[in-house]
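Trainee: Could you take me through one part of this structure slowly? I'd like to see how you read the details.

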Amino acid sequence: MRHRLAGLRSALAIAIAAGLLAPTLVRGQAWTPARTPDGQPDLQGFWSNVSITPLERPAELAGKEYFTDRELAEVEKQAEKPKGVEVLGGTIAHYDFLQFGLDQTQAKHALNHRTSLIVDPPDGKIPPLTPEAVKRAAARAEARKHSGAGPYDGPENRPLSERCIFMTEGPPMLPEAYNSNLQFQQGPGYVAILQEEIHDVRIIPLDGRPHVGPNIHEYMGDSRGRWEGNTLVVDTTNFTDKTRFMGSTESLHVVERFTMLDADTILYRFTVDDPATWVRPWTAELPMTRIQGPLYEFACHEGNYGLANTLSAARAEEAKQAGK
Amino acid sequence: MKIVPIVGLILAAAPLWAHHSFSAEFDINKPLKLQGVVTRWELTNPHSWIHLDVKSPDGKTVTWMIEGGSPNSLFRLGFNKDSLPPGTEIMVEGYQAKDGANRAVGAKLTFSDGRKLFLGGSVPGGNPDSAEPPAKK
């Protein structure tokens, strides 16, 4: 069974790499981008990867891969309705996001007829976890239960995002909640991608050098790029087990493809594979749209009173419980 | 075409809103309304903080800190560090910190005459379709 799965996996990986599966969003004729002075297709500039399309296809849209133009117009109309408050676990609380410019209605995004970002498997869902991954998650939960450490004990117990260390930069790069802005910069032999939130830059060499050694692990992995025609292909390995993209391990392997569809749109497509996590690789794509620069610094540690407030809230709660 | 599934889709698409959990930091059971004078505006990421001097009924002045949105987003809406000078009188509706300190999240902020402070959606760069009518005085 294991061998059969492995065989299926490599066959799928080859098919996906060859573009045989999951038709790509195609609009009009292939676009020929301008060239940088050193001859690369020019992807430079400022881009938004804001998306109103969910990663996974909602159950009520099962079997429906694309919206019609009319349906998409309705989806866009609904998305424009301001979502003024935070809805968290059913509790409506706190911000008027509209006032602070944080709601997506105020962010530019590319039109996408797809009903899910995931294009493969064809049902638009993340493939099932491997038995190993299920066991791993259970073991982690069990270890937490017996460690005596609570989630609010100290800063190290808080999620990386609260600690201003890592949000959803990836790769793969999924939309941030806000400030979902990117800058692409190219120089001879390199592409650099800067993400506004939380100010992380990925420097991608294009000279065909191998990945770093197996003992080196990085939050954003180790990226190597190459041009296939006008498409930038970026291969990333050497992840840590701290970032855990959707429960993945350090054996995560990400292949991203950036293709300009027109002067103001990049089609971003990625395939993720982790034999320790999912029963098969999966692929998603989303169009990015050109925006006005510049990107602003996002010095997240600078004003991160939120972490201290969260911990002091927990201490106050403990004192209250102890006093009862 | 069914409308309901589409609405469901949009809700499903909404990403996590903030870099931290509001409910871990602020108390939904401690809503408050403050009127005071701005003494300082820290334009820091991931959240800006407004320092506000509030006069209590017994005449004492208490300084509050109010958490607001990311300055990066506010800049794009046309705000900068001069937009909220010290001395400006504002009203804040929000929720107090769970530890009982004089800190709160600012849910709604208005000038003392009722005009909204951050006119997200109705300023240059915002989405005009999502603009709300100005608050009535």
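Trainee: Which residues touch the most other members of the largest nonpolar core, and what can you tell me about the chain around them?

Mentor: Before we zoom in, keep in mind that this is a predicted model. Chain A has an average pLDDT of 85, with 83% of its residues scoring at least 70. Two stretches of chain A need some caution. Over residues 1-28 of chain A, pLDDT stays under 50, and the model has 29 contacts there beyond four places in sequence. Residues 84-93 of chain A also stay under 50, with 23 such contacts.

Now to the core. It has 31 residues, and the ones that touch the most other members are Ile266(A), Tyr268(A), Phe270(A), Ala284(A) and Met288(A). Several strands of chain A give two or more residues to this core, including S9 (231-237), S10 (253-262), S11 (265-273) and S12 (282-290). S4 (118-120) and S6 (190-195) of chain A are on that list too. As background, nonpolar side chains tend to be buried together in soluble globular proteins.

Let's pick Phe270(A) and look at who it touches. Leaving out residues up to four places away in sequence, Phe270(A) touches Val254(A), Val255(A) and Glu256(A), along with Thr283(A) and Ala284(A). Pro171(A) and Pro172(A) are also among the residues that Phe270(A) touches.

Pro171(A) and Pro172(A) are joined by a cis peptide bond, with omega about 0°. Most peptide bonds are trans, and most residues other than glycine have a negative phi. Pro172(A) sits in the loop between H3 and strand S5 (181-187) of chain A. Cys164(A) has its place in the loop between H3 and S5 of chain A as well. Cys164(A) isn't a glycine, yet its phi is positive, about 60°. Is Cys164(A) buried or exposed? Cys164(A) counts as buried because 22 other C-beta atoms lie within 10 Å, and the cut-off for that is 20 or more.

Compare that with Arg244(A), in the loop between S9 and S10 of chain A. Arg244(A) isn't a glycine either, and its phi is positive at about 40°. With 16 other C-beta atoms within 10 Å, though, Arg244(A) is partly exposed.

Follow the chain back and you meet helix H3 (residues 131-147) of chain A. At 1.5 Å a residue, its 17 residues should span 24 Å, and the end C-alpha atoms are 24 Å apart, so the two agree. H3(A) is hardly covered, with one buried residue among its 17. The peptide bond from Asp120(A) to Pro121(A) is another cis one, with omega near 10°.

One last stop. Apart from the core we started with, there is another core of 20 residues, among them Ala314(A), Leu52(B), Tyr95(B) and Ala97(B). Over in chain B there are three helices and five strands, in the order α-α-β-β-β-α-β-β from the N terminus. A closed barrel of five strands in chain B runs S1-S2-S3-S5-S4, with mixed pairing. From one strand to the next, the twist averages 55°. Within chain B, S1 (residues 26-42) and S2 (residues 49-55) pair in the antiparallel sense over five bridges, and Trp41(B) stands opposite Ile50(B) in S2(B).

Technical notes
Residues numbered from 1 in each chain as written. Chains lettered and ligands numbered in written order. Predicted model: local features only at pLDDT ≥ 70, side-chain atom pairs only at ≥ 80, totals over all residues. Pairing = 2+ DSSP bridges. Helix = DSSP H or I, 4+ residues; strand = E, 2+ residues; numbered from the N terminus. Axes fitted to C-alpha atoms, helices over the stretch in contact; angles between N-to-C directions. pLDDT = per-residue confidence, 0-100. Contact = placed C-beta atoms within 7 Å. Expected span 1.5 Å × (residues − 1). Buried ≥ 20, exposed ≤ 12 C-beta atoms within 10 Å, placed from the backbone. Core = buried A, V, L, I, M, F, W, Y, C linked by C-beta atoms within 7 Å.
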